[in-house]
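Welcome! Here is a short briefing to read alongside the structure.

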Amino acid sequence: MAQEGQLSADSLAVLEQLVPVAAKARRVFVFTGAGVSAESGIPTFRDAQTGLWAKYDPVMLASIDGFRKDPANVWKWYDERRQTMSRCQPNPGHHAITDWQGLLKGLDGRLDLATQNIDDLHRIAGTEELIELHGNIWEVRPLGSEFQEAFRLMDCPLSEHPPRHIDGSTLRPNVVWFGEMLDEAVLNHAFQCAMKADLALSIGTSSLVYPAAALPFVAREHGATLVEINPERTELTAAADYVLQEPSALALPALVAGIRRICG
Ligand code: OAD
């Protein structure tokens, strides 16, 4: 469990104000990005030195054109990421969200979590009814098919690149690539949850990739108090009511411990 003492004096002052507000909220919307998994050992996309897009070409590895040109190369990269992720565990930030969801359930409240992450760590941490906006790296679907045809393929490493369906057709990762639409039903559900929230948190995301990045703004427009947790400032920071400039594995357990002290 992270120690509140490790937080900066500024963050402790923000928490003192935020905890009583958060403890009153019964409808919470959480929106997460790659930063929430950074402390589990999964690289983010845009961090200058360690981010994936500093090392790899998203056009080749995260687009349908790149996949059609060289499916084996794209799958080699996804297989490597699957192997890395299979060795990673949820961190105290993931667990704190699950803990808060359980607490709210017992209070006739609700916490909805929409993530841009494809790594499964929120699910492994036990968060229920997870909204996966950008898909899941452990799922595949036949090339050219719809999201609804996705299924889990847990082989790790894969025996061939690309993996094939039983009918011999090429399988693709069930993730959203650049230029592709998100699953409309999933996205609409996320917007509904954001609009109903009285408290919304944006955690570990650069807030640059739309339409997902619109969710916290929409929550705020519909009356939610908005919190950002991120060690860096982002496009969202100026719109947030409370900003914790901290790693999420440190700030989230401290926030949820404070809420538990009030709500039991
Ligand atoms: P980014 O890599 O764009 O942003 C990661 C954010 O996490 C940055 O704002 C960091 O400051 C922050 N961060 C780093 N370490 C952190 C920590 N320990 N705790 C909290 N925050 C931390 O990742 P995303 O915003 O998730 O899309 O990127 C959005 C989408 O762009 C991804 O879902 C992916 C990518 O292209 C698709 O694959 C469709």
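Leaving aside neighbours within four places in sequence, alanine 239 is in contact (heavy atoms within 4.5 Å) with Phe217, Arg220 and Leu226. This is a predicted model, in which local features need pLDDT of at least 70, side-chain atom pairs count only at pLDDT 80 or more, and totals for chains, interfaces and linings use all residues. Residues are numbered from 1 along each chain as its sequence is written, and side-chain values use heavy atoms, with hydrogens and water left out.

**Around alanine 239**

- Alanine 239 sits in the loop between strand 8 (225-229) and strand 9 (242-244); helices (H or I, at least four residues) and strands (E, at least two) are DSSP runs, numbered from the N terminus.
- Because its relative accessible area is 23%, alanine 239 is partly exposed; buried means under 20%, exposed over 50%, and partly exposed in between, with a 1.4 Å probe and protein chains only.
- Valine 14 is 225 residues away from alanine 239 in sequence, and the two are 16 Å apart in space, C-alpha to C-alpha.

**The ligand**

- The ligand is surrounded by 23 residues, and the closest are Glu39, Phe45, Arg46, Thr205 and Ser206; a residue counts as near if one of its heavy atoms lies within 4 Å.
- By class, this shell holds nine nonpolar, ten polar and four charged residues. Here Ala, Val, Leu, Ile, Met, Phe, Trp, Tyr, Cys and Pro count as nonpolar, Asp, Glu, Lys and Arg as charged, and the others, Gly among them, as polar.
- A side-chain N or O atom of serine 206 is 2.5 Å from an oxygen atom of the ligand, and a polar side-chain atom of asparagine 230 lies 2.7 Å from a ligand oxygen atom.
- From the backbone, an N or O atom of glycine 35 lies 3.4 Å from a nitrogen atom of the ligand.
- On its own the ligand has 790 Å² of accessible area, of which the protein covers 92%; such areas come from the Shrake-Rupley method with a 1.4 Å probe, and for residues only the protein chains shown count as cover.

- In helix 7, the buried residues include His94, Ile97 and Trp100.
- At the start of helix 7, a side-chain oxygen of asparagine 91 reaches to within 2.7 Å of the backbone nitrogen of glycine 93.

**Threonine 32**

- Threonine 32 belongs to strand 1 (residues 27-32) and counts as buried because its relative accessibility is 0%.
- The side chains of threonine 32 and threonine 115 make a polar contact at 2.7 Å; that is a pair of N or O atoms within 3.5 Å, where within protein one must be able to donate a hydrogen and the other to accept it, and residues adjacent in sequence count only if both atoms are side-chain atoms.

**Backbone features**

- Most residues other than glycine have a negative phi, and most peptide bonds are trans.
- A cis peptide bond joins histidine 161 and proline 162, with omega about -5°.
- Another cis peptide bond joins tyrosine 210 and proline 211, where omega is about 10°.
- Serine 207 has a positive phi of about 60° and lies in the loop between strand 7 and helix 10.
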